[in-house]
Amino acid sequence: MQIKSVFTLGAEYKFSEKSRIYASHELSNTLTGVYGLANDGTRNASTIVGLSSGISLPFLPDGQVYGEFRAAGPAGNRDIAAVAGIRNLWQLSPALSFTTALERQQIYQATGEEHEATALSLGVDYLHNPSNRVTGKLEYRISDVQEQWLGTLAYTRILSENWSAMAREAYTRNEGRGLSIHQRAYSCRINFKWA
C-alpha cells in the first residue's frame, strides 16, 4: 500500500451573518483537484476563491448564492473555472438536513479550449450524536463534451476536544458526448484533524 500526501490551507471572512469571502488551496500527489480521482503520483494543486451571500425566498428559505473561481491540475497546466450558483439547506430535523444546488460553469482548459457546464447536486448530512456525523453527496454535471457523475460518502468521528478522524469515499464516472471517453474511478481516504 502506497501512502499519498495531501496538504490543505484555507481562510474565511464573514462580513455579515449570511455573507462571507473564502479561499482554500490544496496540494496533493493523489487528487487532480477538488473532485479529481487520478492516482498517478503527479503533484497537483487546486485553488478555490469565492464569495457567498444568503438569500431568503419563499421557495428557498435558507438559500445562498455564490460565485467562485476554481483552478485545478498539475503545476503549469491548470484548468480554470468561473462558477455561479445557488444552493439551499433543507433542515428536516435537528439531526437530518439535505442540500440542493444548481451551478453554471465557464471552463477554461490549460489546452486553450473553453467549455460550459451545468451541475445539479443533492447532499445529505446526518448527525447521529455530537461525536458521529455521516455526510453524502451525489452530483451530475453535463457539458458540451462530457457527462459526469460524482458520489461521495464520509464518516466523521470526534475523538477528543482537539482531534477528529474522517473516512471518505468518492466515486466518479465520465462519459464522453461525441467523444470516446469512458472513465470510472474510486478512492478512499482517511484523515485526522487537529483544531
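Student: How many salt bridges does the count come to?

Tutor: The count comes to 9 salt bridges, where a salt bridge is a side-chain nitrogen of Lys or Arg within 4 Å of a carboxyl oxygen of Asp or Glu. Please keep in mind that this is a predicted model, in which local features need pLDDT of at least 70 and side-chain atom pairs count only at pLDDT 80 or more, while totals for chains, interfaces and linings use all residues. Residues are numbered from 1 along each chain as its sequence is written, and side-chain values use heavy atoms, with hydrogens and water left out.

Student: OK, and which residues are linked in a network of salt bridges?

Tutor: The network links Glu68, Arg70, Glu103, Lys137, Glu139 and Arg141. Within it, Arg70 and Glu68 form a salt bridge whose closest N and O atoms are 2.7 Å apart, and the side chains of Glu139 and Lys137 meet in another at 3.6 Å, N to O.

Student: Is Arg70 buried or exposed?

Tutor: Arg70 counts as buried because its relative accessibility is 17%, and buried means under 20% relative accessible area, exposed over 50%, and partly exposed in between (1.4 Å probe, protein chains only). Glu68 is likewise buried, at 9%, and Glu139 is buried with a relative accessible area of 5%, whereas Lys137 is partly exposed at 29%.

Student: What about Glu103, where does that one lie?

Tutor: Glu103 lies in strand 6; helices (H or I, at least four residues) and strands (E, at least two) are DSSP runs, numbered from the N terminus. Glu103 is buried, with a relative accessible area of 9%, and its side chain is joined to that of Arg70 by a polar contact of 3.1 Å. A polar contact is a pair of N or O atoms within 3.5 Å; within protein, one must be able to donate a hydrogen and the other to accept it, and residues adjacent in sequence count only if both atoms are side-chain atoms.

Student: And what is Glu103 in contact with, leaving aside its neighbours within four places in sequence?

Tutor: Contact means heavy atoms within 4.5 Å, and, with those neighbours left aside, the residues in contact with Glu103 include Tyr66, Arg70, Val83, Ala117 and Arg141. Glu68, which has its place in strand 4 (residues 60-74), touches Tyr22, Ile48 and Val83 among others, not counting residues up to four places away in sequence.

Student: Switching topic: how many helices and strands are there in the protein chain?

Tutor: The protein chain has 0 helices and 11 strands. Of its 195 residues, 28% count as buried, and residues 24 or more positions apart account for 37% of the contacts with a separation of 6 or more.

Student: So how does strand 6 run relative to strand 5?

Tutor: Strand 5 (residues 79-91) and strand 6 (residues 96-108) run antiparallel and are joined by 12 bridges, with pairing defined as at least two bridges found by DSSP between two strands. A hairpin of 4 residues connects strand 5 to strand 6, and Val83 has Gln105 in strand 6 as its bridge partner.

Student: What joins strand 6 to strand 7?

Tutor: Strand 6 is joined to strand 7 (residues 114-129) by 13 bridges, and these two run antiparallel. Thr99 has Gly123 in strand 7 as its bridge partner, and in the hairpin of strand 6 and strand 7, with 5 residues between the strands, Gly112 takes a positive phi near 100°.

Student: Now the surface: which residues make the nonpolar patch?

Tutor: Leu159, Trp163, Ile190, Phe192 and Trp194 make a nonpolar surface patch of about 650 Å². Patches are made of residues with over 30% relative accessible area and no salt bridge, with like charges joined within 9 Å and nonpolar side chains (Val, Leu, Ile, Met, Phe, Trp, Tyr) within 5 Å, and accessible areas come from the Shrake-Rupley method with a 1.4 Å probe, for which only the protein chains shown count as cover for residues. The largest share of the patch, 3 residues, comes from strand 11 (residues 182-194).

Student: Why does Trp194 count as exposed?

Tutor: Trp194 counts as exposed because its relative accessibility is 59%, and this residue lies in strand 11. For the protein chain, the accessible surface comes to about 12300 Å², of which 60% belongs to carbon and sulfur atoms.
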